[in-house]
Amino acid sequence: MSISTEAGAPAGKTWKSKEEFLGCVMLTDWILLVVLFAVVLGSFHIHYMLLAGDWDFWIDFKDRRMWPTVAPIVAMCFAAAVQSFLWQKFRLPIGATVACLALLVGEWINRYDNFWGWTFFPINLVFPSALIPMGFWLDVVLMLSGSWLVTALVGSMGWGLLFYPINWPVLAQYHQSAEIDGVLLTLADLIGFNYVRTGTPEYIRMVERGTLRTFGKDVVPVAAFFSAFISMLIYFLWWKIGTWFTTTKYIEAEDI
């Protein structure tokens with residue numbers, strides 16, 4: 001026999017009504033979503049900073065050779081894993097966009113709080129790369145095709161090829177040439193020289209330095225197509241990693 005009052009919950013229950021129970025469920029869902037977003041933000045940020053590193057930190061490291069090669073390949077890892085989880089578990093084609101958004105939130109917090117707030121580097125020296133349009137592309141291909149294999153081939157190809165054009169409108173102004181004290185350099189190099197960072201000699205480099213021009217003058221297409229090809233392989237690997245990490249296992253009744 002249960003006793004209930006208007007002020008309290010029914011005996012043996014922790015909620016007063018079905019509406020209160022559903023409200024608790026929704027609140028729990030939102031808390032879990034925020035926690036999941038924070039986990040992706042933190043882990044993706046650490047992964048990206050360790051592997052992309054200086055190529056995404058400094059404006060004078062955003063060249064036409066290493067930057068468009070390294071950054072898309074490194075960013076593809078978590079984008080493919082999160083896309084695998086959200087697509088296979090919830091049929092939501094938003095995984096790559098969510099991963100890129102989480103990374104950029106962490107990047108902007110880091111650039112303003114760390115680089116600007118502590119060391120006073122100007123934001124135009126340390127702004128992060130744009131990745132969200134690439135996430136849109138990857139998710140749209142998955143949504144229209146419904147196949148992770150097609151996404152691995154077509155989506156990953158576009159992922160690598162779109163990186164430099166997406167970032168070029170912001171970057172172009174810093175590739176303008178300037179002559180300072182008889183030395184020809186870009187505005188990106190000039191900013192880097194005025195704001196000196198600690199580093200070993202192999203880290204002190206100038207934008208546009210490289211030997212890929214031997215392939216036929218234009219460096220970006222070679223770097224972009226190589227990045228797109230490697231991104232395909234990375235997508236295959238990290239889609240499987242995302243599947244493995246989110247596998248649901250059940251215990252047989254006789255094992256309990």
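## Gly155 in helix H7

In this predicted model, Gly155 lies in helix H7, which spans residues 148-171. Is Gly155 buried or exposed? Its relative accessibility is 0%, and therefore Gly155 counts as buried, since the term applies to values under 20%.

Setting aside residues up to four places away in sequence, Gly155 touches Trp137, Leu138, Val141 and Val150. Gly155 can also be compared in position with Asp139: the two are 16 residues apart in sequence, and their C-alpha atoms are 8.0 Å apart in space.

## Helices H3 and H6

Two packed helices are described by the angle between their axes and the distance between the axes. For helix H3 (residues 67-90) and helix H6 (residues 132-145), the axes come within 11 Å and cross at roughly 40°. The crossing of H3 past H6 is right-handed.

Which residues of H3 and H6 meet? From H3 come Pro72, Met76, Gln83 and Trp87, and from H6 come Met134, Leu138, Asp139 and Leu142. Sorted by class, the residues of this contact are 6 nonpolar, 1 polar and 1 charged.

## Helices H3 and H4

H3 also packs against helix H4 (residues 95-116), with axes that come within 7 Å and cross at roughly 130°. At that angle, H3 is oblique to H4. This crossing, too, is right-handed.

On the H3 side, the contact is made by Phe78, Ala79, Val82, Gln83 and Leu86; on the H4 side, by Gly95, Ala96, Val98 and Ala99. The contact of H3 with H4 holds 7 nonpolar and 2 polar residues, and no charged residues.

## The largest nonpolar core

In soluble globular proteins, nonpolar side chains tend to be buried together. Here, the largest nonpolar core has 54 residues. Within this core, the residues with the most contacts are Tyr48, Trp58, Ile59, Leu131 and Trp159. Which helix gives the largest share of the core? That helix is H3, which contributes 16 residues.

Apart from its neighbours within four places in sequence, Trp159 is in contact with Pro72, Ala75, Met76, Ala79, Cys100, Met134, Gly135, Trp137, Leu138 and Ser231. Among these partners, Pro72 and Met76 also take part, from H3, in the contact with H6. Met134 and Leu138 belong to the H6 side of that contact.

Note on methods. Residues numbered from 1 in each chain as written. Predicted model: local features only at pLDDT ≥ 70, side-chain atom pairs only at ≥ 80, totals over all residues. Heavy atoms only, no water. Axes fitted to C-alpha atoms, helices over the stretch in contact; angles between N-to-C directions. Helix = DSSP H or I, 4+ residues; strand = E, 2+ residues; numbered from the N terminus. Left-handed = near helix turned anticlockwise from the far one by under 90°. Contact = heavy atoms within 4.5 Å. Nonpolar A, V, L, I, M, F, W, Y, C, P; charged D, E, K, R; others polar. Core = buried A, V, L, I, M, F, W, Y, C linked by side-chain atoms within 4.5 Å. Buried < 20%, exposed > 50% of the residue type's maximum accessible area, 1.4 Å probe, protein only. Parallel < 35°, antiparallel > 145°, perpendicular 65-115°, else oblique.
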